[in-house]
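Please consider the model shown below, together with its sequence. The paragraphs that follow lead through it part by part.

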Amino acid sequence: MRIALLAAALALTACGGGHHAAAPACRLTRAEAPSPETGEHSLALGSSCALGAAPHVRLFGLHGHVLPFTYVLEGGAKGSHALLLDKYRCDIRWRDLAHTVAVGGARLDIGRSLLDWCPAEGVSTVVHVYAGRLVRTRPTWRSVFRDVYDGRLDRVWPCATLREAVSHLPDDGPVYSRVGTILGRAAAHACDAQLRLLARGAPRVAVEQALGTPSGGGARCERWTWRPAGGAVDGARVCFAQGRAALVQSAVHG
């Protein structure tokens with residue numbers, strides 16, 4: 001009897017008759033993009049849902065295939081509803097154009113956009129993602145310190161900027177200060193999220209923009225380190241061939 005009642009309850013819920021209906025899907029809309037810098041193309045979006053600290057963005061071509069852009073997270077306001085995608089235009093013949101954008105589970109057809117795809121031109125395969133603002137402003141480690149002055153971070157900061165801020169912490173700071181812990185934890189989360197977006201084929205310039213100044217390594221392989229927080233990953237090792245990432249490895253703590 002219990003099994004029959006349970007099956008009926010599950011069927012009712014699946015048909016939408018339960019009290020806990022699924023939340024409505026997020027919706028994307030086009031927004032007015034700022035005037036592009038010379039040689040750049042942009043796409044501005046609005047979202048009906050608040051965006052996470054590391055929005056998962058994908059661009060699809062004219063025939064529905066995923067375009068393997070490398071995405072560099074530039075941070076922004078927490079819980080924002082706006083997103084700006086920005087890239088250098090193709091200076092050689094493009095092979096595809098972004099037609100559909102997906103952010104998380106939401107998708108939007110954008111038509112024949114100016115986000116062109118030319119895989120032979122490395123710098124044009126990099127998309128910078130700005131959350132919560134429709135202006136291109138690269139953050140600095142000084143702005144991170146101004147944000148954390150009151151003992152908390154009110155904005156989302158990218159991996160490279162947080163690592164640079166951590167490197168500027170004084171060695172003999174007050175023992176009671178929590179700034180080092182706050183920045184270290186934020187850097188770990190930001191760098192872990194950024195590392196998941198880097199794959200083989202990423203241009204070297206994009207890797208260095210995404211992760212910041214390498215902690216060491218040589219001409220072929222470079223390594224980046226950060227303090228682990230909530231996990232074992234505490235860095236990355238990337239090897240390059242002909243200016244592209246040939247191997248991307250996470251460094252495991254302990």
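**From an open sheet to the cores**

An open sheet is built from three strands, ordered β3-β7-β8 and paired in the antiparallel sense; strands, like helices, are DSSP runs numbered from the N terminus (E, at least two residues, for strands; H or I, at least four, for helices), and two strands pair if DSSP finds at least two bridges between them. Because β3 (57–60) and β8 (106–109) stand at the edges with a single partner strand each, one side of each has no neighbour in the sheet. On average, neighbouring strands of this sheet are turned by 15° against each other, direction ignored; the axes are lines fitted to C-alpha atoms, for helices over the stretch in contact, and angles run from 0 to 180 degrees between N-to-C directions. Four bridges join β7 (residues 100–103) to β8 in antiparallel pairing. V101 has L108 in β8 as its bridge partner.

This is a predicted model, in which local features need pLDDT of at least 70 and side-chain atom pairs count only at pLDDT 80 or more, while totals for chains, interfaces and linings use all residues. Residues are numbered from 1 along each chain as its sequence is written, and side-chain values use heavy atoms, with hydrogens and water left out. The average pLDDT of the chain (the predictor's confidence in each residue, from 0 to 100) is 85, and 85% of the residues score at least 70. Residues 1–23 have a pLDDT below 50, and this stretch has three contacts in the model beyond near neighbours in sequence; contact means heavy atoms within 4.5 Å.

The largest nonpolar core has 32 residues, of which L153, L162, L183, V207, L211 and W226 touch the most other members. Such a core is a set of buried Ala, Val, Leu, Ile, Met, Phe, Trp, Tyr and Cys residues joined through side-chain atoms within 4.5 Å, where buried means under 20% relative accessible area, exposed over 50%, and partly exposed in between (1.4 Å probe, protein chains only). At least two residues of this core come from each of α2 (141–148), α3 (159–167), α4 (179–195), α5 and β14 (233–241). Helix α4 gives the largest share, eight residues. Another core, of 23 residues, lies apart from it and includes L28, L43, L51 and V101.

Two residues may now be followed individually. Leaving aside neighbours within four places in sequence, V207 is in contact with L198, A202, G212, W224, V238 and F240. E208 lies in helix α5 (residues 204–211) and is partly exposed, with a relative accessible area of 30%. With the neighbours within four places in sequence left aside, E208 contacts E222 and W224. E208 and A160, 48 residues apart in sequence, are separated by 8.2 Å in space, C-alpha to C-alpha.
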